[in-house]
Amino acid sequence: MAVDLTSAVDWWEEWQLRILVLGSLFLQLVLFAGSILRNLRNPLSRLCIWLAYLGADALAIYALATLFNRHKLPPGAGKRGALEVLWAPVLLIHLGGQHTITAFSIEDNELWRRHLVTLVSQVTVALYVFCKSWPHGGDRRLLQAAILLFVVGILKFIRKPLTLMYASLGSVMTSSLVYPERRGEHSTSLREVCKLLCLPFPTMINSAENAAQMKEEEEHDLSFEEYVKKARELVQVTQVDVNRKVTVSSFGKEMLFVDLSAPYSRRISILQSFLVLHHISAYLSVKSDLHGAFRMIYTSFKGLASCLGFFLQLLLPFLPLASVVLFAQSHHKDDYEEKEDVKVTFVLLSCTALLEFLPIFLCPWIVGPIIFSNAVAQHNNLMSFYARQSKPTQLMKLSGLIGCSGYVNKHWYIEQVPESTCWRIIKLVTEHVKDGWKLYIVDGPSYKRFNNFRGQWTLMRHKLCGQQLWWSLQQVPFDWSVLVWHLATELCLHHPTITSAAAADLPAAQFSKLISNYMIYLLFIRPEMLMPGTRQGLFTAACYDIGLMLKRGNEPPPKDARTVAEQILRTSQSCYTGDIGTMVPGACKLAKELMELLEDEEERWNVIQGVWVEMLCCSASSCRGYLHAKSMGEGVELLTFIWLLLSRMGMETFADKFQRPEPGQGEDIAAGASVSEPQDIPVQEEISIV
């Protein structure tokens, strides 16, 4: 046993450094492949990418430390030492990371100072090992290859903290992408270089002409009332052009992500370009803008905005290729005693050169291809969640034993519906906003009210004045409204007598259920995005109330969501529910009122769909741009699509809600009048306005 242990230790001492450098190379390959597929919303793949992202730097640093320890003393075998020393600059290249994934989450951008300290220490270690251990009179071609690799490694390693710094929140807020007086500094020279090399000019880099135009817009901005009037006129007269290509300007996108309000004159020009687009073209335009924002925040794309970054992207891949050629032409590579080191060196140099070239070949001049998944997340509805909790699976029993049942409940039962659903919801939102501009918005106050509606306008349009309907939208917090309407939607869908079997096939019913489950996903998984102050525990509290209610009615354990809904409807009529709480009983009253006031099923589901569309818009416009940017690290949310779409269609942004003065406030102050709090218009008056 002792002999076997000694031989294992000897083997590890012999192969330790080789395994570490090959492991570092393997993690770089995983990172490159994972960065392309990171937005596919597969939990297992995201876990692998996260582990590779965390482990890549740690393994490369450990390999450099091992190399340092092996070469603290003068090497006993010069030729073997020369090959191992050649691995030091390769590890620096690995520490520089991949172009397609500079940050896994948006918080990584704020850690650029830590990467700067790592840069200084690891470059020092690598240069020390190389200078101390390189044998006198060594192979000249190997020395040239090492110098080229050091140039690549140091430049890539320097670019990593700079890229993170440029993508940090503070840097974006003060960058040339936000302030027009700093735009166009390098765009003219870079445009000429692109023409010379027959490459497309980057559309995200604003030219000097655009900079002057944007500066003029900000200096001669419209007033709020002028903006509302002009935007309403544009919506009234503009017709959709199905053949129009996606040419909407992306000015102001960066300002949204850092919660800055764009000038009204610029928003008018964006609205004018956006209104003529078909809803599919509008979807593609928003998708393109979000793709560009993702590259700016999570990849090294922003570094290409300068001539230096552009040339480095084109020229650096050729240096590792030259080092491979130099190593292949080395006259002494066959003289080394350790043939394994020769093989490892070939693999390291070849794969490193390949990783540098792949982004150029697969997606010219940018940063490599990134597959964007725009599927809509769906959490199990509350009925299904309760049915599953009443009969826990083996997985839930096991997770309960180790204390992670809450995490499994949140992430294991999330589904994704196809991308086609996303653009169909985009169509619903587009029609809702256009109808608002045409039928409701007439001035500044009505514009403000429309942006805060969470279903009231749908009730007004259908002349519904039910007490429970208005209670669920106006007299309770937003997160409470979402949960109550979610329960009411399920109860209406599964009512055994009033709802027919064909109701589930109605498009309005299908989209109502999709948006309802998505809003529950936001409530339970991303409460900070649903609305500031959202109470995540409402979901589990409602589940507890359902269980208490069904036990009060002596109902048997349910089989599925339909059974739970039928039991709730039956129990709400047959037993006292006053001490259970107002959430589930309120949802039962709401569902009953919907079915009594709207006997026609198609009209009923149109109303429910309209309420959910308004809730979705209200939530999207109330979410900070920073949170939208943060969520893109795990895949673009439907809420982010809606948020950017609303901005393109002239709706109020998060920054407008707090930075812009109330309509007429400035004139009142100038006239010496007392400014009073804005009062809501009664329901009857709002109906008359429509």
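These are my notebook entries on a few spots I looked up in this predicted model.

**Ground rules.** I number residues from 1 along each chain as its sequence is written, and side-chain values use heavy atoms, with hydrogens and water left out. Local features need pLDDT of at least 70 and side-chain atom pairs count only at pLDDT 80 or more, while totals for chains, interfaces and linings use all residues.

Residues 15-35 are 100% helix and 0% strand, with end C-alpha atoms 30 Å apart. Residues 47-65 are also 100% helix and 0% strand, with end C-alpha atoms 27 Å apart. Helices here are DSSP runs (H or I, at least four residues), and strands are E runs of at least two.

**Thr-66.** I located Thr-66 in helix 2 (residues 43-70). Beyond its neighbours within four places in sequence, I see contacts (heavy atoms within 4.5 Å) from Thr-66 to Gln-16, Leu-17 and Leu-20.

**Thr-100.** Where does Thr-100 sit? I found it in the loop between helix 4 (87-95) and helix 5 (112-133). Thr-100 is buried, at 0% relative accessible area.

**Helix 24.** I looked at residues 478-493, which form helix 24 with 16 residues. 16 of the 16 residues are buried, so helix 24 is largely enclosed by the rest of the structure.

Technical notes: Buried means under 20% relative accessible area, exposed over 50%, partly exposed in between (1.4 Å probe, protein chains only). The expected span of a helix is 1.5 Å times one less than its number of residues.
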